Amino acid sequence: KPTTNKQTFVDSYAKSTLVNEPDGILTQQELKSYKTIGLTGYKSNSTSWCYEFGLLAKRNWLNQVRLPVLSVIRLFVTVFISLLSILIYHGLDGTKAGVQNRNGALFFVCISSGFSSMSNITLVFPTERPVFLREVNNGMYRVSSYFWSKIFTELPMGIVVPITRLSSAFMVSVSTILNGT
């Protein structure tokens, strides 16, 4: 009797060491085995990529819904830095110094946007790394389905945060035009 994708996924979970250690902490012996054999545990005939993507996207979305503090903190920091840049660069004139200050404001907004995008990766992935290594090594899913599901579920915040930040740059540039300088 052919097994379904769901049954295959459940069976691979049941065979994994994640069942016995749900906290995701790797032992020293597991770390050594990951270093020696690498991430080669995936079985190509397990499940379809789309099915894995769907399950991982659902899991990532549920994690974001369960832990809204990270999203709130990212939005708060974005609004704070935006307000700070408005306060610093408000009322620029059309002189040479004003143009240079406007360039500095754009540079500040671009750099802070880049670092805020990187901070999401550096804060979230290290906590998920042990579970990710264990699941990939046990052949539960492909790395590509994990990566793309992560990108897909973080896309809404990846759009809201830059729009919020760029609106501050827009406010700085519009305030100069409205002041008539």
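A salt bridge here is a side-chain nitrogen of Lys or Arg within 4 Å of a carboxyl oxygen of Asp or Glu, and the structure holds 4 of them. This is a predicted model, so local features need pLDDT of at least 70 and side-chain atom pairs count only at pLDDT 80 or more, while totals for chains, interfaces and linings use all residues. Residues are numbered from 1 along each chain as its sequence is written, and side-chain values use heavy atoms, with hydrogens and water left out.

View 1. Reading from the N terminus, the order is α-α-α-α-α-α; helices (H or I, at least four residues) and strands (E, at least two) are DSSP runs, numbered from the N terminus. Of the 181 residues, 29% are buried, where buried means under 20% relative accessible area, exposed over 50%, and partly exposed in between (1.4 Å probe, protein chains only). Take the contacts (heavy atoms within 4.5 Å) with a separation of 6 or more: 84% of them come from residues 24 or more positions apart.

**View 2. Arg-142 and Glu-52 form a salt bridge at 3.0 Å, N to O.** Arg-142 sits in the loop between α5 and α6 and Glu-52 in helix α3 (residues 49-66), so the pair ties together parts 90 residues apart in sequence. Glu-52 is buried, at 1% relative accessibility.

**View 3. Arg-59 and Glu-135 also pair up, again at 3.0 Å, N to O.**

**View 4. Lys-150 meets Glu-154 in a salt bridge of 3.7 Å, N to O.** Both belong to helix α6 and lie 4 residues apart, so about one helical turn separates them. Glu-128 joins in too: salt bridges with shared partners put Glu-128, Lys-150 and Glu-154 in one network. Lys-150 counts as buried, with a relative accessible area of 14%.

**View 5. Ser-149 is in helix α6 (residues 143-178) and is fully covered, at 0% relative accessible area.** Its side chain makes a polar contact of 3.4 Å with that of Asn-60; such a contact is a pair of N or O atoms within 3.5 Å, and within protein one must be able to donate a hydrogen and the other to accept it, with residues adjacent in sequence counting only if both atoms are side-chain atoms. Beyond neighbours within four places in sequence, Ser-149 touches Phe-53, Leu-56, Ala-57 and Asn-60.

**View 6. The largest nonpolar core has 7 residues: Leu-56, Phe-132, Leu-133, Val-136, Met-140, Tyr-141 and Tyr-146.** Helix α5 (residues 96-137) gives the most to this core, with 3 residues. A core is a set of buried Ala, Val, Leu, Ile, Met, Phe, Trp, Tyr and Cys residues joined through side-chain atoms within 4.5 Å.

**View 7. Val-69, Ile-73, Phe-76, Val-77, Phe-80, Leu-84 and Ile-88 make a nonpolar surface patch of about 680 Å².** Val-69, in helix α4 (residues 68-89), is exposed at 53%. Patch residues have over 30% relative accessible area and no salt bridge, with like charges joined within 9 Å and nonpolar side chains (Val, Leu, Ile, Met, Phe, Trp, Tyr) within 5 Å; areas come from the Shrake-Rupley method with a 1.4 Å probe, and for residues only the protein chains shown count as cover.
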